[in-house]
Amino acid sequence: ILEHLPNQAETLSFLGVIKADKRENDRAIELLQRAVHYKPKAANVLNNLGRVLLNLKRYEEAVEVLTRAVAATPPLPEAVANLAQAHRGAGNVDEALYYLGILSERGVHLKTVALERAGILSDLGQKDEALAIVRDLIAAAPDFAPAWLLLAQLKTFGPGDPEGDRVIALA
């Protein structure tokens, strides 16, 4: 494909995402960086590169790329959520909460946004607030396993606790 369309940013980006899914991270980043070279203001291309960097825990690089993605048009809620995660990973809690707030103001109700907010509150020692968010998330999406995982991290379960039984069942 690349020999026929070497400069096609969307193709490069798509192939980069495929390589990242296959854990071929060096090749994924190379393809995504080439895509960004050809379309430096394309939100979807920047978001794809930022997401790969985020998954590799290269938080500072992810923040830089995802900040550009958020500034691009059309705005992508996923890029804002990824930027919040990158800031959290980089230890920038205030910035992470700021971007999660932007999503809330825009009416974006992604499960991952609520989960990320709960995780940040937990990191800040606000366990009761985090638990409330996780329980609301579980009530709205009972099969969302990451919420159950965070619940398991936040709460100590006693014998016969129905939430504990559900966590064990999903493990």
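Leaving aside neighbours within four places in sequence, which residues is Leu-53 in contact with? The partners are Ile-29, Arg-58, Glu-61, Ala-62 and Val-65, where contact means heavy atoms within 4.5 Å.

This is a predicted model, in which local features need pLDDT of at least 70 and side-chain atom pairs count only at pLDDT 80 or more, while totals for chains, interfaces and linings use all residues. Residues are numbered from 1 along each chain as its sequence is written, and side-chain values use heavy atoms, leaving out hydrogens and water.

Leu-53 also belongs to the largest nonpolar core, which has 39 residues. Such a core is a set of buried Ala, Val, Leu, Ile, Met, Phe, Trp, Tyr and Cys residues joined through side-chain atoms within 4.5 Å. Leu-49, Ala-62 and Tyr-99 are among the residues with the most contacts inside it. Helix α3 (43-55) is one of those that supply at least two residues, and α3 gives the most, with seven. Helices here are DSSP runs of H or I, at least four residues long, numbered from the N terminus. Another core, of 17 residues, lies apart and includes Leu-115 and Leu-137.

Let's turn to accessibility. Buried means under 20% relative accessible area, exposed over 50%, and partly exposed in between (1.4 Å probe, protein chains only).

| Residue | Relative accessible area | Class |
|---|---|---|
| Tyr-98 | 52% | exposed |
| Tyr-99 | 15% | buried |
| Ala-114 | 24% | partly exposed |

Ala-114 is found in helix α7 and touches Ile-133 and Leu-137, not counting residues up to four places away in sequence.
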